[in-house]
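I opened the model to look up some helices, some strands and the cavities. My entries follow in the order I made them.

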Amino acid sequence: MTEPHRLTRQDARRVAVRAQLLDAARPVDLLDTVRRLSLVQYEPTATVAPSADLVLWSRLGRFYRTDDLQRALASHVMVELRSMMRSAHDVALYRAEMEAWPGEAAPGWARAQAGWVEANNALRRDILDRIRHGGPMISRDLPDGTCVKPWQSSGWNAGRNSAMMLEFMEQRGEVAVAGRLGRERQWDLAERVYPDDPVVPLEDAVRERRARRLRSLGIARARTTQTQFEPMDVGDAGEPAVIEGVRGTWRVDPAQLDREFEGRTAILSPFDRLVFDRKRLAELFDFDYQLGMYKPAAQRRFGFYALPVLHGDRLVGKVDATSDLPASVLRVHRVYEDEPFTSEVKDAVRTELESLAELLRLRLEFE
């Protein structure tokens, strides 16, 4: 058995920050950045800016323009798969899973979804035929008159038969997101969106996906809380590690060990992968953070859409800001300091906010 690497919490933080391309050595290329991050989450809330733009700007800085991402998606150099934007060639790592959907070991709810698709095969064939001849369509352009068993849900998806069928057809690899009209996905045949790469066998694909996830995170749990679209654990990828003062064994990317670290200041999306796993965030960074958008106004501690502030290998505060588009202003309501900012940190945070305002073509104002 391999002896685990022994890391301090600072070591672990620096591995995580560097793996997420948030150290001083900024990347300069959009597609290379996405490949190294493995994915960039689509999240439509644009209180400040869409999360994907914030994630890419926080890495690329002046090398990033919002049109760059849209061009990459429109040309299918990048694709959106289950609300995650990835390099198009990474889809080959999901094709075997698509072909086997829902899979032999699928839980009961997934088998029920597959049963619903089978019961409504006429609707599935109708959608494929309409898209094949009519080109990319949004779900409301696809009537569901051929649905014989309406989708039942206690939530807002009840009766949204075409929309739910498209979700499952994406998981089956039959349709793909070709673009968006505002927030609405445009669906096309997968064969017209995804590259025609050889399918990676399922076992190999799962192993490679875990390895890439670990490379992008630097350090992670072998097993942790599951999320709907993208796991946060890494199985047996990398090598074992223990972190001083933190329970349990971790997995670390050995390529990130024993390297010099030079940090910088960055303002992050609330959905950034550095902070997305809240348990890991607490264990490594001891960062007090809540996203207010899911809470009633009276219960929000740091505003509606607090942006975490990274300085070096520490998360040191949050920025509560709003993009006021009619007034052409990026309005900073408050900067929360987890500990009093030095003049260096204050200047660096202001410089980053000025850069963000420039990206968004807004004027920066502090309340």
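I count a contact when heavy atoms lie within 4.5 Å. Helices (H or I, at least four residues) and strands (E, at least two) are DSSP runs, numbered from the N terminus. The model is predicted, so I take local features only at pLDDT of at least 70 and side-chain atom pairs only at pLDDT 80 or more, while totals for chains, interfaces and linings use all residues. Residues are numbered from 1 along each chain as its sequence is written, and side-chain values use heavy atoms, with hydrogens and water left out.

Entry 1, helix H4.
I looked up what covers the buried residues of H4, and the list includes helix H2 (30-37), helix H3 (51-60), strand E3 (78-81), strand E4 (84-87) and strand E5 (175-181). Buried here is under 20% relative accessible area, exposed is over 50%, and partly exposed is in between (1.4 Å probe, protein chains only). In H4, which spans residues 66-74, I find Asp68, Leu69, Ala72 and Leu73 buried. Seen down the helix axis, these buried residues fall within an arc of 130°, so they line one face of H4. The arc is taken from the directions from the helix axis to the C-beta atoms. Arg71 and Ala74, on the other side of H4, are exposed. After H4 comes histidine 76, with a positive phi near 65°.

I find 10 of the 11 residues of H8 (residues 161-171) buried, and the helix is mostly covered. Among the buried ones are Met164, Met165, Phe168 and Met169. I checked what they pack against: the partners of the buried residues of H8 include helix H5 (95-99), helix H6 (108-119), helix H7 (121-134) and strand E6 (184-189).

Entry 3, strand E8.
I note that E8 (residues 239-243) is largely enclosed by the rest of the structure, because four of its five residues are buried. Strands are called paired if DSSP finds at least two bridges between them. E8 pairs with strand E1 (residues 5-7) in the parallel sense over three bridges, and arginine 6 has valine 242 in E8 as its bridge partner. E8 also pairs with strand E9 (residues 250-252), in the antiparallel sense over three bridges. There, glutamate 239 is opposite valine 252 of E9. The hairpin of E8 and E9 has six residues between the strands, and glycine 245 in this hairpin takes a positive phi near 85°.

I find E12 (residues 314-324) and E13 (residues 329-337) running antiparallel, joined by eight bridges. Aspartate 320 has arginine 334 of E13 as its bridge partner. Four residues separate E12 and E13 in their hairpin, and serine 328 in the turn has a positive phi of about 55°. E13 pairs with strand E14 (residues 363-366) in the parallel sense, over four bridges, and leucine 330 has leucine 364 of E14 as its bridge partner.

Entry 5, cavities.
I treat a cavity as a set of points on a 1 Å grid over the protein atoms alone where a 1.4 Å probe fits but cannot get out, with lining residues having an atom within 4 Å of a point. Grid points are joined across faces, edges and corners, and a volume is the space filled by probe spheres set on the points. I get five cavities of 30 Å³ or more. The largest cavity holds about 130 Å³. It is lined by 14 residues, and the closest to its centre are Arg213, Leu217, Pro231, Met232 and Arg273. Helix H9 (residues 202-217) gives the largest share of this lining, three residues.

Note on methods: On a 1 Å grid over the protein atoms alone, a cavity is a set of points where a 1.4 Å probe fits but cannot get out, and a pocket is an open set with protein on both sides within 12 Å along at least five of seven lines; lining residues have an atom within 4 Å of a point.
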